Amino acid sequence: MPFVSVRLARLGTALAVLFTTLPFVLSSCPADPGLPGHSTIKSLQDAMRDDFLDGNASPPFVYHLCPGVTYRPIVEGAWIEPLADQTYIKCGEDGSSKNGCVVEGGDLQVALVESEMDGYIRKRTTFEGITFSGSTGWSVAAYDTSDTTVKFSDCHWKGISGQVGIQIVYKERPSLPTANPTLTGNTNVAEGRTTVAQGRTSLFSSASNDNGHRQLTGAYVFQNGMNVVMKDCTFRESWGLTDQFFFGVSNAEGMLQMENVTFFDNKRNNTGTSIAVWNQGSVLIESSSFHGNEFDVIIYNYQGEATIKLSNFKDNTGQSSIGVTRGYTGMSGNRFVDNVYPGSGNIEAKSGYVDVSFCEFLGTSAQSDIIMYGNGGSLFMSYSCFIDGDYFLSPVFIGSDAKLE
């Protein structure tokens, strides 16, 4: 939406006066009159804006969504956009998904972007117990800088038919007058210009780390993007757009941490390429589960840093559980059970350094469990086992241009 700066300045002054005389009043939730909460996105945004403008307000800022309420961005013409540092958005009083707060449909459901107020950093935002359903574009646009962190706890994504569930990449916010931080350019935020990620090299040393595992010097890890933490979350019954890439989570240049996150029953109902987790930054996946999915690749590490441990991959079909192109990928304590990859294997690496330890491969139907090829690729293995696999080649296949250490 185009804005005229002079009109915006005047409107900002008028709004500031209006909000001084008419402060936001929180109403009771429809299903729980004893709980003051927000039953619309507009109510939530008004409250966050008022707190952001109030010079006497101090964090943390806690906002409760109403139990049993479905929030519809496409109907309200708005999405959830936290403004202040230390913002907590909870489903119900205790922030549990059992309370049934659902954000349904729309091209964009949550925007995490640079503040319209120059120099202001929203360091931490937390979402608790919210279900994000039926997004047709981006469910979450995590476009802020590396100074910011968002945590999703007990949050759930289902029925995503758009391009991506969570996209992590730094994008500049459209230039808007800093004198009026109450105005949100909702039609323009998701179209911010993508900054070309330069990446930083030598994040890893060639010496052994504390666990005795060697890492790769010169991995390209982008760290311009924000930090995203997910705990006790799920992705299910999603499929993406026809003839396009689909990512459950796309980490282009940030830092992603996933603990006890489950991907299940996601279907490949398109002719494009579907990936559960794409990483071009840094990712730690721990104690998570991927089962019954039809993704082409479940986790794809493209010249980034990926650590995957104590996780389960079971009954998946497609091309591979883990794909690697350059960078460093460390795997420890994972189980790969009854996966079917007729054209590849559980782990397919094209160059890069792959470190596999204490992993189990059970009942695989594939060319191999581990396929390593590509100029400069290296595989380091220790204390792993291969049981009852149906291999076209062998449990481990090392191409002539790669090496086993």
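Let me start at Ser382: leaving aside neighbours within four places in sequence, this residue is in contact (heavy atoms within 4.5 Å) with Val356, Ser357 and Phe358. Ser382 is found in strand β34, residues 377–382. Strands here are DSSP runs of E with at least two residues, helices are runs of H or I with at least four, and both are numbered from the N terminus. Ser382 counts as buried, at 16% relative accessibility. Buried means under 20% relative accessible area, exposed means over 50%, and partly exposed is in between, with a 1.4 Å probe and protein chains only.

A word on the source. This is a predicted model, where local features need pLDDT of at least 70 and side-chain atom pairs count only at pLDDT 80 or more, while totals for chains, interfaces and linings use all residues. Residues are numbered from 1 along each chain as its sequence is written, and side-chain values use heavy atoms, with hydrogens and water left out.

Now the cysteines. A disulfide is taken as a pair of cysteine sulfur atoms within 2.5 Å. How many disulfides does this rule give? The count is two.

One of them joins Cys29 and Cys66, with the sulfur atoms 2.2 Å apart. The link of Cys29 and Cys66 is left-handed, with -80° about the S-S bond. Cys29 sits in the loop between β1 (27–28) and β2 (36–37), and Cys66 in the loop between β3 (61–65) and β4 (70–71), so the bond ties together parts that are 37 residues apart in sequence. Cys29 is buried, at a relative accessible area of 2%, and Cys66 is buried as well, at 0%.

Next, Cys91 and Cys101 form a disulfide with a sulfur separation of 2.1 Å. Cys91 belongs to strand β5 (residues 87–91) and Cys101 to strand β6 (residues 101–104), so this pair connects parts ten residues apart in sequence. The link of Cys91 and Cys101 is right-handed, with 85° about the S-S bond. Both Cys91 and Cys101 are buried.

If you number the bonded cysteines in sequence order, the pairing reads 1-2, 3-4.

That leaves Cys155 and Cys233 to discuss. Cys233, in turn, is in no disulfide. Cys155 is buried, at 0% relative accessibility, and Cys233 is buried with a relative accessible area of 1%.
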